[in-house]
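Welcome! Here is a short briefing for anyone meeting this structure for the first time. Take a look at the model, then read on.

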Amino acid sequence: MERYDHQKIEKDAQEKWASLNLYQADLSDETKEPYYLLAEFPYPSGDLHIGHWYAFAVTDIYARVLRAQGKNVLFPIGFDAFGLPAENAAIKHGLDPKEWTYKNMDRMRAQLRSMGASFDWSKEVVTCDPSYYQWTQWLFTKLFEQGLAERKKAAVKWCPKDQTVLANEQVIDGCCERCGTEVEERQLIQWFLKITDYAERLLTDLEPLPWREEIKDAQRAWIGKSDGAKLTFSIPNTDQSVEVFTTRPDTIFGVTYVVLAPEHPLVEALLPKIKNADTVLSYIAETKKKTERERSENKEKTGVVLEGISVLNPATQKTIPVYLADYVLASYGTGAVMAVPAHDERDFEFAIKMQTLPIVNVIDPGDAIHSMPVTILRAAHEGSYENEMVQARKLLHERILSGREYYLGTGTLVNSGEFSGRNSEEAKDDLIAFVGGEKKTQYRLRDWLVSRQRYWGCPIPVVYDPDGKPHAVPSEHLPWILPTDVNVTPNGSEAPLASSKELKERVIKIFGEGWTPEYDTLDTFVDSSWYFSRYLDVKNEHHFSDMAMMKKWLPVNRYSGGSEHTTMHLLYARFFTKALYDLALVPTAEPFIERFNRGLIMGPDGQKMSKSKGNVINPDDVVSELGADSVRTYLAFIGPYNEPGSYPWKPEGVVAMRKFLDRVSRLIERVADDAKTPLSIQRALAQAIQKVTDDSHRFKFNTAIAALMTFLNQLEKEDALSVEVYRNYLILLTPFAPHLCEYLWSTSGGEGSVNNAPWPEPSAELLTHTSIELAVQVNGKLKGLISASPEATEDDVVALARSLPVVEQLLASGAPKRVIYVPGKILNLVVPR
Ligand code: ANZ
């Protein structure tokens, strides 16, 4: 079978597009409607993998559809170019992180071009370029002036061997990922952006966004709002007390002990009074090795009592013991909990483990017991619950009331003094008042830790005066250049920038003796929190972007990205935009209107692609063998693009796509100048236009391609095709296979570029009048044929059938006794004989 020469065709097409400068958006064009299509910009790791193709080549399809439909499309590209891999390459192989990064970008630009993606390269942003990070720094100083950037002490994981701070992900089972040394926790002063100030707005502004619910849910869970109360447990004979955050103030009478996080500051203050201080201190040391995730996981509970310390339950006025336990996290709520073992699973497990702690039920489930899940019933009634559900429920009820089983639900208060007998939900507020507490809304979201003790990042534009007070570097000194005389390998308790002589001298020269630099760099998520604004005015030397352009182009119409960025990046960018909006620096409080997450491409074995599994597909190889258009079309066909999912890469699938394209390339043999287009083909064209258009708008490229395949089958049955039908087919296929279509367009005498050809409009008449022949039977005997739309209702087709004289005669003007209608196939009318 004859194959088209993809290597030549693709090279020619790309050269033609470059010479026509087809994809450069004129942002101030007022004649067309603007559409900002954004795909998350890549990290320059050095080699383009299939994931990049999936991200960019498929989103590009939509850019092309929109452009053909007459929109002024901005589809930019850049590089998220700061970050650890450059630094690791420096540490491991002695390479210059800058050189490594810029070389990788060069390589990736070439690879990205091979996709035939219609990026507007004239607006490229590179976050590690001083012309970009100058503005990251400037925006940081604005947040700093506003009090939204601040320094706080925070616990960080520290590897004593590598002498460096580790990210949580770099701690495996309490040990350093690199060298296996047990990590420690250190309290270091770090920079934070106060995203928690925006927690409520990040939630409420999420509501109207047209995002998929699971994306919104993930953000909601990350923000983690809970309504509850702050209650105080005083320590008798001292002026100290323990504050707790609880969502269940209704269970206050059931509090039989209090638990502090091991890091709780009270522990140090109480130490002289703690009788088993040694045990307590060694428990604290053990905890330091665990990550928060390990502590939150449902493992066997551990803890230690503070001997000699007790607190007063403000409801019962009884003294109760105080424990340290690592299931309580220092960073959430107040870092302390009132433990209610009868109504909280973790407290229950802990009480059982410690053996001596009372479990006092304070909520009677009442009728709710009848809807308790069967698994609990089974536990309650060891084994034979099937025939004895009533008995089992009774047993469970007894076990709950006697504190042998915990109960998480609501019900009627018992053992709760004057509150006994009331509904637990309704009594909450009164109980808070009774113990002198206050209502409190708590968020799981923490402030965003943005300082990194790393080299290859944006220097934090801050200097310290001789008293150690931080000052923003004034804008005339921005960009605050990343020094180059730096020892990148961590060699002490300080960040790499501390080894720069030039940086220290620079600060003294500008600010005076005694002034010192900040040595930390910014988390790269800061760089990517505003890049979409920079694309709008990438060369601006006086401002981070242009207000008029931002007003015109923001929010981004559609943001296409990976599901791994649903929480961090998307939340950070939303927060950043809101903070800048409040400073009147950007015109919109939300950065993105639509957000689409794509699925994952797996190896041919259905596993995640990884070098160790040997299942990595190198796109360059496939492109050189089968062509970029085959890869693009295959990736678009693999599944719906806007849904979570994972798709194995099937080599035979790409080959099948290539065969489809080869068939398209031969269609030209049927084109004849004098060919007439039969009604059936006119209708098929109208349907194909409609389907490809609609499906593309929803990122359902898979079904759009299926429609083009069906249409091809129909076209191949025709002996002669009109140029018009043929060209329309090419226009519809261009977004998917732009190179081949460009070639066929010229070959068939098309003018200019197929990319400039306007998107066809389906004729409404052809769409609605699409009809098929339907056999009409009366009492099972064929009486004639009618032509009806496949969507016609039963009433419609009966009316049509009656227009046949023979049918009307048999019905004798009455209604049929029964109607059997199989749309698109048959209509059978049953009449009394
Ligand atoms: C008493 C109680 C009784 C609780 C009960 C629950 C059920 P959410 O909904 O996630 O906000 N808690 C509070 N601070 C904590 C911390 N630093 N570490 C671990 N657990 C903590 O969870 C709030 C509940 O989690 C709080 O309500 C508290 O336990 C616990 F029948 O207080 B509760």
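Glu30 and Lys552 join their side chains in a salt bridge, with N and O 3.5 Å apart; the term stands for a side-chain nitrogen of Lys or Arg within 4 Å of a carboxyl oxygen of Asp or Glu. Glu30 sits in the loop between helix H1 (6–20) and strand S1 (34–39), while Lys552 belongs to helix H18 (residues 547–553), 522 residues apart. This is a predicted model, in which local features need pLDDT of at least 70 and side-chain atom pairs count only at pLDDT 80 or more, whereas totals for chains, interfaces and linings use all residues. Residues are numbered from 1 along each chain as its sequence is written, and side-chain values use heavy atoms, leaving out hydrogens and water.

**Salt bridges**
- The whole structure holds 44 salt bridges.
- Asp60 and Arg632 form one of them, at 2.6 Å from N to O.
- Asp60 is in helix H2 and Arg632 in helix H21 (residues 628–637), 572 residues apart.
- A network of salt bridges links Glu207, Glu213, Lys216, Asp217 and Arg220.

**Exposure**
- Glu30 is exposed, at 65% relative accessible area, and Lys552 is partly exposed, at 23%.
- Asp60 is buried at 0% relative accessibility, and Arg632 is buried at 0%.
- Buried means under 20% relative accessible area, exposed over 50% and partly exposed in between, using a 1.4 Å probe and protein chains only.

**Ligand**
- A polar side-chain atom of Ser226 is 2.5 Å from a ligand oxygen atom.
- A backbone N or O atom of Leu329 lies 2.7 Å from a ligand nitrogen atom.

Definitions and conventions:
Polar contact = N/O pair within 3.5 Å; in protein donor to acceptor, adjacent residues only side chain to side chain. Helix = DSSP H or I, 4+ residues; strand = E, 2+ residues; numbered from the N terminus.
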